[in-house]
Amino acid sequence: MKVPRRAADRLWNHACSRIEQELSQKDFQTWILELTPRSFEDGLMTVEAPFGLYRDRIRQVYLPALERAVSEAADHSCRVEVVVGSSVGTRPANRRWSPPSGGQEAGRKVTSSPLKSFGNFIVGESNRMACDAARALASGEAGAGNPLFLYGGVGLGKTHLLLAIASELRSRARKVLYYQGEDFTRKMVDALRNDRMDAFRREFRFADALLIDDVQFIAGKKRTQQEFYHAFNLLHGAGKPIALASDRGPLELEKLETGLRSRFQGGLLADLGPLDAELRCRILRAKLKEADLEMEGDTIENLALRMTGSVREIEGLVSRLRAARSQSGGRLTTQVVESLVIPYVSVGCDVDIETIVKTVATHFGITREEILSRSRARRVAWPRHVAAYLCRKLTSASLPEIGEAMGGRNHSSILRAVRSVKDSMSGEPALAERINRLETLLGRGAQFS
Ligand code: ADP
Ligand code: MG
């Protein structure tokens, strides 16, 4: 099945943000940022490289990492094909710049990314609660929520906050264990294989704090969860700070063991929501300053207003701007800025819950009010489920936000609705097709009045 262009772009952005954590900043900028997603169909992501040289290098060195990242972002196994751009599609050719050997960026010191701390975490409406909770935990405030469970979409600052907690605790000579979910599993499997479980467990006994990032990768792995449960109880029982980060809330981590789920639920849950324009603007301004890029205040505001994505995307844009500046001998024309910002701004307006509800209602021949009502009649309940599913898929709203906007329902009824649609879709291709068509319609920004 072919997915819409915007969905492919979004998937690619997610994949990129995963790879970015694996590669050096220089490799990432030189090789990965040069690729443009072209299509995504039947698990095959086709990306365009600017030259044969790039294509070959990507195939030789980065393909496995790319495939892994795309598969993770898509939640199923995917392949990646690299082709040389024939300028098919709608992307302007001037988004690419020449290979680094010809550019001035080559040989220049690439600044390593600054330490993640509370000091350089910019706080706004959508991340204040998470940041306050993280600070409280790190400073050992009495009454701080423990464990702290941070959740939210990609690139919104979860890892940054965990690292800030770590650095704060370490500055007070605390021994902090920080694991990515996958590393935790890998390390445990190694220990098991080499008969070193004792040493693995001892580490936790002597730790003062435990931070696990991307906990979603632990869910579903039985043995890993058992080990983690032990470690958790050991530290928690001793009153030591524990913080976790995940792309979903504990209720949505379907394969999480119930013991762990109730532990997580029993702590403080803090979600990082999508950024509002004001916060995007302050972050963009700060990142431009960090990169020593000057831009007029009006331009910054204008860019921030039009961007829709995460902080990761803001950083992506700043990287591109920096590279473009060195290519163009220090000046950034409006035209260059405009061409670089294309992947980060939404085409038309971003679809919102209200639009989805109206469109779904019209599609099923009922009214918006019926969808929001309490009626349980099938002719109303089913479209309501579909609307919930599409809100979940196409917007960055959290379950409680969707529930609130859909007639004041609680998050678990939205979650049930989403699941029931998913189940029905997997059993009934014709129905899946119909819902996908609706999704494409909404994804293109088209709507019924
Ligand atoms: P997540 O773990 O939620 O996917 P990260 O913490 O890795 O996201 O954030 C992505 C990038 O954006 C990182 O480089 C991080 O430092 C930066 N970032 C995120 N939120 C903020 C913020 N509020 N202020 C400054 N930088 C931020
Ligand atoms: Mg992260």
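Trainee: What do the buried residues of α4 pack against?
Mentor: They pack against β4 (148-152), α5 (158-171), β7 (242-246) and β8 (268-272), where contact means heavy atoms within 4.5 Å. Buried is under 20% relative accessible area, exposed over 50%, partly exposed in between (1.4 Å probe, protein chains only). This is a predicted model, where local features need pLDDT of at least 70, side-chain atom pairs count only at pLDDT 80 or more, and totals for chains, interfaces and linings use all residues. Residues are numbered from 1 along each chain as written, chains are lettered from A and ligands numbered from 1 in written order, and side-chain values use heavy atoms, without hydrogens and water.

Trainee: Which residues of α4 are buried?
Mentor: In α4 (residues 128-138) they are Ala130, Cys131, Ala133, Ala134, Ala136, Leu137 and Ala138. Helices (H or I, at least four residues) and strands (E, at least two) are DSSP runs, numbered from the N terminus.

Trainee: And what follows α4?
Mentor: Gly140, with a positive phi near 70°.

Trainee: New topic. In what order do the sheet strands run?
Mentor: β5-β6-β7-β4-β8, five strands in an open sheet with parallel pairing. Two strands pair if DSSP finds at least two bridges between them.

Trainee: Which strands stand at the edges?
Mentor: β5 (176-180) and β8; each has a single partner strand, so one side of each lacks a neighbour in the sheet.

Trainee: How many bridges join β5 and β6?
Mentor: Five, in the parallel sense, with β6 covering residues 209-213.

Trainee: Which residue is the bridge partner of Tyr178 in β6?
Mentor: Leu211.
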